[in-house]
Amino acid sequence: MTDTMSPTVQPIVRMQKLNKHFGSLHVLNDIDLEIVPGEVVVVIGASGSGKSTLIRCINGLEEFQSGTLSVDGNTLKPDGKSSKALQTIRTEVGMVFQQFNLFPHLSVIDNITLAPMKVRGWSRSDAVATAKRLLDRVGIADQADKYPSQLSGGQQQRVALARALAMEPRLMLFDEPTSALDPEMIGEVLDAMRELAKEGMTMVIVTHEMGFAREVADRIIFIHKGVIAEQGTPEQLFDAPQHERTQSFLARVL
Ligand code: ADP
Ligand code: MG
């Protein structure tokens with residue numbers, strides 16, 4: 001838990017009046033968002049409301065057309081004119097996707113060691129030691145030499161989490177990390193995320209797992225048609241939503 005009111009804490013994400021269009025479609029509309037270190041923010045909203053686009057902007061996977069965005073002091077400019085900052089942000093921000101996006105031709109251990117060796121310049125032995133520690137932490141130390149296709153979805157997603165953590169990210173983004181999983185595997189991935197939150201990782205999570213959101217989030221953000229329609233603590237959002245849009249969304253999903 002973080003005291004978001006403290007004036008001395010510098011935000012790790014600072015987004016001001018950010019606008020994003022896909023052609024004529026205005027997907028994000030004047031988004032203002034600040035996230036402080038250690039904060040766990042859950043983003044909820046209907047399909048197509050702009051949740052994925054919002055978090056993809058944070059690690060530079062999507063360009064935006066106006067506004068400002070800085071991540072850990074690295075400022076991205078509109079329309080992608082900021083390649084150096086972009087490179088830094090990509091190494092500092094980890095992301096876990098709905099589809100695990102593992103490299104199918106690489107073993108679990110090689111999936112995890114690739115970026116630390118290539119991007120961070122770690123030795124193979126250092127990278128392997130870190131990978132093994134992370135695999136142990138997500139509960140699949142015995143799967144190191146398997147290939148992704150030999151693992152269950154829940155195991156693959158935990159490898160994806162370990163792979164992101166191997167880069168020692170300052171911030172972790174999750175885009176519906178359990179939506180592609182069979183129900184019996186959702187818990188093991190949420191458990192790993194819960195542990196990470198407890199350890200103080202700064203996290204932005206798009207999820208439909210409302211019980212999990214209530215439990216781990218410091219703040220819930222409800223997005224409606226590219227606008228932050230309402231935000232607050234889980235208690236505020238879930239127990240006393242102020243806006244009709246939030247109320248009708250929650251009535252459909254809770
Ligand atoms: P959510 O994650 O909340 O379901 P998205 O951020 O994926 O929503 O999408 C927001 C809107 O932007 C949707 O109308 C979607 O169709 C549109 N969109 C997303 N990605 C693209 C793209 N690459 N090109 C054009 N339109 C897109
Ligand atoms: Mg999405």
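Me: Where is Leu171 placed, and why is Leu171 called buried or exposed?

Reply: In this predicted model, Leu171 belongs to strand 7, residues 171-175, where helices (H or I, at least four residues) and strands (E, at least two) are DSSP runs numbered from the N terminus. Buried means under 20% relative accessible area, exposed over 50% and partly exposed in between, with a 1.4 Å probe and protein chains only. The relative accessible area of Leu171 is 0%, so Leu171 is buried.

Me: Before going on, how are residues and chains labelled, and what limits apply to a predicted model?

Reply: Residues are numbered from 1 along each chain as its sequence is written, while chains are lettered from A and ligands numbered from 1 in the order in which they are written. Because the model is predicted, local features need pLDDT of at least 70 and side-chain atom pairs count only at pLDDT 80 or more, whereas totals for chains, interfaces and linings use all residues, and side-chain values use heavy atoms, with hydrogens and water left out.

Me: Which residues is Leu171 in contact with, leaving aside its neighbours within four places in sequence?

Reply: Contact means heavy atoms within 4.5 Å, and on that basis the partners of Leu171, leaving aside neighbours within four places in sequence, include Ile12, Val13, Ile58, Val71, Glu92 and Met201. Met201 is 30 residues away from Leu171 in sequence, with 6.7 Å between their C-alpha atoms.

Me: What makes Val43 count as buried or exposed, and what does Val43 touch?

Reply: Val43, which is found in strand 3, has 1% relative accessibility and therefore counts as buried. Not counting residues up to four places away in sequence, Val43 touches Lys51, Leu54, Val204, Ile205, Val206, Thr207, Ile221 and Ile223.

Me: How do you know on which side of helix 9 the buried residues lie?

Reply: The buried residues in helix 9 (residues 244-253) are Thr246, Phe249 and Leu250. Because they cover an arc of only 95° around the axis, they are on the same side of helix 9, the arc being that of the directions from the helix axis to the C-beta atoms. Glu244, Ala251 and Arg252 are exposed on the other side of helix 9, and the buried residues pack against strand 3, helix 7, strand 9, strand 10 and helix 8.

Me: Why are the buried residues of helix 2 placed on the same side?

Reply: In helix 2 (residues 83-92), Ala85, Ile89, Thr91 and Glu92 are buried, and since the arc they cover around the axis is only 165°, they are on the same side of helix 2. Ser83 and Gln87 are exposed on the face turned away from that buried side, while the cover over the buried residues includes helix 1, strand 4, strand 5, strand 6 and strand 7.

Me: What makes the orientation of helix 5 and helix 6 parallel or antiparallel?

Reply: The axes of helix 5 (residues 153-165) and helix 6 (residues 183-198) come within 8 Å and cross at roughly 20°; axes are lines fitted to C-alpha atoms, for helices over the stretch in contact, and angles run from 0 to 180 degrees between N-to-C directions. Angles under 35 degrees count as roughly parallel, over 145 as roughly antiparallel, 65 to 115 as roughly perpendicular and the rest as oblique, so helix 5 is roughly parallel to helix 6.

Me: And what are helix 3 and helix 4 called, by their orientation to each other?

Reply: Helix 3 (residues 108-118) and helix 4 (residues 124-137) pack at an angle of about 125°, with their axes 9 Å apart, and they are therefore oblique to each other.

Me: Which value of phi does Asn101 have, and why is Asn101 called partly exposed?

Reply: Asn101, in the loop between strand 6 and helix 3, has a positive phi of about 60° although it is not a glycine. Most residues other than glycine have a negative phi. The relative accessible area of Asn101 is 42%, and so Asn101 is partly exposed.
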